[in-house]
Amino acid sequence: MEDCDFLFKIVLIGNAGVGKTCLVRRFTQGLFPPGQGATIGVDFMIKTVVVDGTKVKLQIWDTAGQERFRSITQSYYRSAHALVLTYDITNEETFTCLPDWLKEMETHAATDVPRVLVGNKLDLTSSRQVSRERAEEFANVHNLCYVETSAKEADNVEQLFLELASELTRNARHPALAAGPPPPRLSGQARPVGYFSCCGS
Amino acid sequence: MTMAASSSARAASLSMDFICSLTELGDLRKAYEQLCKEEEDVTRALDLLVERRDPLEAKMDSLRRMRPNLQVIEGDAKQLAQTITFTCSLAENISSKVRELDVAKTRVYQASQRADDILDLKLCTDGVQAALADEDYEKAAAHIHRFLSLDSAVITLSQQGPEGGAWADGLERLRAAEQQLKQLVAEQFEAAVRAGDGAQVERFFKLFPLLGLQNEGLMRIGRYLSQQIARQAEKQLQVSENMESGEKRAAVIFADNLTLLFEGVARVVEAQQPVVETYYGPGQLPALLAQLQPEVDRQARHVLDGFAARRDVQRKYQQVQSSLLRGNAGDKMEPRKLDSLLAELTLMNARSELYLRFLRRRVTADLEACEPDVRAGEQAKLEQLLSGCGLSCAMQELMGEYVTMEEYFMKENVNKAVTMESVEKGQHTSSMVDDVFFIIKKCVGRALASSSVDCLCAMINHATTLLDTHFRELLVGRLQQGFPAGALQDLQRGVSSAVSLVQSGAASLVQPGRFEPRPVDSSQEAQRVFLVTLNNAELCCEYIHTLNSSLEAQCQAGVGAGRGEQARAKIQSCVADLVAVSEKFQKLLQEGISDLNNSSIKPQVKPWISNFLSVSHNIEEEEFNDYEANDPWVQQFILNLEQMMTEFKTSLSLRIYEQLLVLVTSMIAVELEKVVMKATFSRLGGLQFDKDLRALVAYLTSVSSWSVRDKFARLSQIGTILNLERVSEILDYWGPNSGPLTWRLSPSEVRKVLTLRCDFRSDDIKRLRL
C-alpha cells in the first residue's frame with residue numbers, strides 16, 4: 001500500500017440512523033447521499049490526509065447501528081486506533097443509549113484509544129432535543145472529546161477527522177506522551193509492526 | 001498604309017516652301033539627295049505592300065466561301081434553343097402532376113387506413129360479441145387489444161358523419177364488452193386458481209396485458225404463485241417435522257428445508273420469466289418478485305421458527321452470551337453441543353445468499369433490454385427489496401447470534417486445548433499449538449462457508465484477538481517464568497529472572513489473561529516448559545502464515561470471487577491484522593531467546609571463562625610444553641559448552657537453536673575479552689592464548705552454519721598483539737602496513753593490550769606513535 005507513513009483505523013459506532021454513513025461519505029467522498037439505506041454489517045472507506053507534512057491513511061470503518069449486527073461490529077473495536085461514538089441531536093433516544101455504547105467500548109476496545117462523541121444533524125437545529133450543554137457535560141464526565149457536526153451541510157466533518165488524524169499521528173510519533181499503546185508505524189509495507197515498542201526501530 | 005503615311009510625313013519634312021527658299025547650290029543638292037533617299041524608301045514600302053496583297057486576297061476568298069455555312073449553323077442553333085425551352089416546360093408540367101398524384105395517393109392511403117380502422121372497429125364490435133358468446137377469450141382479448149391500440153382520432157372520426165349515431169352505439173357496446181371481458185378474465189383466472197388448473201391460469205395470465213392490465217396480471221399471478229410456494233413449503237415442513245433424529249440429513253434438516261423452499265421459488269421464477277417477458281415485455285420481473293418475496297419471507301420465517309424451536313437456539317445463545325460476558329465457570333455450555341448447530345446455521349446462510357444472488361442475476365438479465373436509467377432505478381429498487389426483506393433480516397439476526405456462538409466455541413475449545421496440553425516425547429512443540437490452530441481454522445473456515453463476508457471478517461477479527469491477547473499472553477507468562485539453569489545456579493537465577501522481569505517490563509504490564517501458567521514443580525520441568533514455549537511461539541508464526549495463505553486462496557476462489565472490490569478489501573484488511581500478530585510472536589520468540597542467553601546461559605558460561613584467569617599465562621618454555629601435554633583451559637571449556645548446548649540442540653527447533661548459538665557466541669566473545677584484559681602474558685603466554693583462541697573458534701565454527709570469525713575478530717587481534725616479539729613490531733601491522741587487516745581495536749586499546757605483556761616496557765608503549 002503505497003507511500004504513507006501511518007495507517008489508522010477509525011471505527012464509527014452509534015444507534016441506527018444517526019448518520020454514521022453520511023459522515024463517512026461526506027468526509028471521504030464529499031457528498032451527502034439522501035435516502036441512505038441502513039448499513040448492512042460493516043463497511044469501510046479510505047482517505048489519505050496530510051498532517052504536518054506526513055501522509056496519513058485513515059481507514060474509516062462504518063458499522064451498522066442495528067442491534068442484530070452488534071456481534072459483527074464489536075469484533076472491530078479491538079483493532080481500532082480511535083472510536084467515534086455518534087448520536088443524533090434531534091433524537092433523545094440516541095443520546096440516552098450512549099452509556100450502553102460506552103459499556104460496549106469498555107468491554108471490547110483497547111484501553112485509552114482516543115474516543116470522540118459526535119452529535120450529528122446540526123442542520124436540524126430547530127428540532128434539537130439534546131442541548132449542547134448536556135452533551136458537553138456527558139462528554140466531560142466520560143472523558144470524551146465532543147463535537148457537533150452536520151453531514152448534510154459539511155459542518156465540522158472535515159475538522160472532526162483531521163483533528164483525530166493529527167492526534168493519532170502525534171501519539172504515534174511520541175509514544176511516551178500518549179496514554180495508550182501506540183498505533184503501528186508502517187515500515188515499507190502497510191503492516192503494523194511491533195508489540196513491546198513500535199516506532200523505535 | 002502606316003508606312004505610306006510615315007513616309008509622306010517624312011516627305012513633308014522638306015516642304016515646298018523650304019525648297020523654294022533654298023538659294024545655295026549645296027543646300028539644294030543636299031535637299032535633292034534627301035528627297036531621292038526618301039523616294040527610294042517610299043518605293044520600297046510600296047513594293048512591300050504590293051507583295052502582301054496576294055495572301056490577303058486568298059484569305060478574303062476563303063472567308064467569302066464560309067459565309068453560307070455560318071448561316072446554316074445559326075439556323076440550327078435557334079432551332080435547338082426552341083426545342084430545349086419546350087422540353088423544359090413539358091417536364092415542369094409533368095412533375096407538378098406527379099406531385100399532385102403523390103399527395104392524392106397519401107390521402108387515399110390514409111383514408112383507406114381510417115376506413116380499415118373503422119372497419120376493424122366494427123369487426124371488433126361484432127367479433128367481441130361473437131367471441132364472447134363462443135367463450136373464445138383469446139380472440140375477444142385480441143379484438144379488445146386492437147380496439148385499445150386504435151388511434152383515438154379514429155374513434156372520434158367514426159362518430160362524425162351521417163352514420164355517427166350508429167357508431168356511437170357500436171362503440172358503447174365495445175366499451176361494455178371491454179369491461180365485461182376484463183371482469184370475465186379476472187373471474188376465470190381466479191376460478192382456474194381455485195381449481196388449481198395450471199394451464200388455465202397461464203392461459204388467462206397471458207390475456208391481462210392484452211387488456212392493458214399488466215399490473216393486475218402480475219399481482220394476480222403473484223398471489224397465485226405465492227399460494228403455490230406456501231403449499232409446497234408447508235408440505236416440506238411437515239415432512240421434516242416427522243423426520244426421525246437418527247436420519248442422515250436430520251442434523252441439517254432446516255437448512256435442507258430452506259434449500260427446498262428456495263429451489264421451489266427459483267423454479268417458479270425460471271418457469272414464469274419467459275412467459276412474463278413474452279407477454280408483458282422485459283423489465284417486469286422485479287414487479288413479480290416484489291409480489292413473491294413476502295410469501296418467501298413468510299415461509300422462511302416458518303422454517304426459521306421451527307429451527308429456533310427444535311434446536312433450542314435462543315436458550316443456547318443466551319447461555320453463551322452470559323458466559324462470554326461473565327466468564328464464569330458455573331453453568332457453562334459444552335461447546336461440542338454447538339458444533340452441529342453452527343454448521344447448520346452457516347449452511348442456511350449460504351443457501352439464502354445463493355438464493356438472493358440468483359434473483360439478482362435473473363433481474364439483471366431481465367433488465368438488460370431496458371433503458372439505462374430505468375435499469376438503474378429498477379436495480380436500486382430490487383436491492384432495497386432484497387436487503388430489506390424479512391428473509392435477509394431474519395438471517396442477519398441469526399448470523400449475529402452465530403458469530404457470538406462461534407466466538408464462544410472457538411474460545412472454549414482453545415481453553416480446552418490449553419488445559420489438555422501435552423508434549424509427546426521427541427516433539428519440540430506441545431499439542432496445544434496444533435490444537436489451537438486446528439480450532440481457529442475450523443471456526444474461520446465455517447464462517448467462510450456461510451458466504452457472509454461480514455461473518456468471515458468478524459471471525460477473523462475474533463481469531464486475531466484470541467491469538468493476540470489470551471494465547472500470546474499465555475506464552476508471555478510462561479517465558480516470564482524464566483529458564484532455571486539448574487540447582488547450582490538457583491541463587492543466580494533468582495537475581496537474573498528478576499532482571500528479566502524488569503527487562504520485559506512491557507510484558508509484565510499485560511494481564512496474564514485467562515490461562516494461568518501451570519505450576520512448575522521442578523526446575524527441569526520449568527526448563528522444558530520454557531524451551532517448548534519458544535518452539536511453540538515459532539510454530540504459531542508459521543501457522544498464522546499458513547492460515548493466511550489458505551484464507552487468501554479460498555477468498556480468491558470462494559467468497560471473494562464475484563463480490564465487489566469492497567468485500568475483498570475488507571477481508572484483506574482483517575487478514576492483515578491477523579498476520580500482524582505473527583510478528584508479535586516473532587518478537588516474543590526473539591526476546592525469549594535473548595532472555596535464555598542472558599539470564600541462564602551467561603551465568604553458567606561466565607565461571608568457565610573466568611577459569612582462564614586461574615591459569616597463568618606468564619609462562620616459560622617448560623610450562624608451555626606442559627600446557628601442550630595437559631591443556632589447562634580451552635578443552636574443558638569446549639567440553640562444558642558442548643554439553644550445555646547439546647541439551648538445547650535436542651529440545652529446540654533448528655532455527656531457534658541457530659539463533660541461540662549466534663547470541664551465545666557473541667556473548668562468549670565479549671566475556672572472554674573482558675577476562676583476557678585482566679590477565680598478564682609472557683611471550684609464550686601470548687602464544688598459548690592464540691592457540692586457545694584458535695581451538696575455540698575452530699570448535700564454534702564446526703557447530704554453527706555461519707562464520708564465527710567476525711565475532712572473534714577483536715580477540716584474534718588481541719592475540720596477534722600478545723604474540724609480538726617487541727613493542728615496535730606492532731608498527732609492522734599498523735597504519736600503512738596493516739595491509740588487508742582492518743583493526744577493530746582503537747590505538748588506546750592496542751596500548752592497553754600491549755601493557756598486558758609483562759615483558760614490554762611501559763615507556764616503549766608510551767613512546768609508540770599510533
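Reader: Which residue forms a salt bridge with Glu57(B)?
Author: In this predicted model, local features need pLDDT of at least 70, side-chain atom pairs count only at pLDDT 80 or more, and totals for chains, interfaces and linings use all residues. Residues are numbered from 1 along each chain as its sequence is written, and side-chain values use heavy atoms, with hydrogens and water left out. A salt bridge is a side-chain nitrogen of Lys or Arg within 4 Å of a carboxyl oxygen of Asp or Glu. For Glu57(B) the closest N and O atoms are 2.9 Å apart, and the partner is Arg53(B).

Reader: Why are Glu57(B) and Arg53(B) separated by about one helical turn?
Author: Helices (H or I, at least four residues) and strands (E, at least two) are DSSP runs, numbered from the N terminus. Both residues belong to helix H4 (residues 53-134) of chain B, and they are separated by about one turn because they are 4 residues apart.

Reader: How many residues of chain A are in contact with chain B?
Author: Contact means heavy atoms within 4.5 Å. On the side of chain B there are 32 such residues, and on the side of chain A there are 23.

Reader: What is the area buried between chain B and chain A?
Author: Buried area is the accessible area (1.4 Å probe) that two parts lose on being put together, summed over both. Carbon and sulfur atoms give 55% of the area between these chains, and the total is about 2500 Å².

Reader: Which three residues supply more than any other three of the area that chain B buries against chain A?
Author: Their part of the area that chain B buries is 19%. The three are Gln396(B), Asp454(B) and Glu583(B).

Reader: Which residue of chain B forms a salt bridge with Lys9(A)?
Author: The rule finds 2 salt bridges across the interface of chain B and chain A. In the one formed by Lys9(A), the closest N and O atoms are 2.3 Å apart, and the partner is Asp577(B).

Reader: Which element gives the largest share of the side of chain B that touches chain A?
Author: Helices H15 (390-419), H17 (453-480), H19 (505-509) and H21 (565-614) of chain B each give two or more residues to this side. The largest share is 12 residues, and it comes from H21(B).

Reader: Which are the edge strands of the sheet in chain A?
Author: Two strands pair if DSSP finds at least two bridges between them. The open sheet has 6 strands in the order E2-E3-E1-E4-E5-E6, with mixed pairing. Those that pair on one side only are strand E2 (42-51) and strand E6 (145-148) of chain A.

Notes
Chains lettered and ligands numbered in written order.
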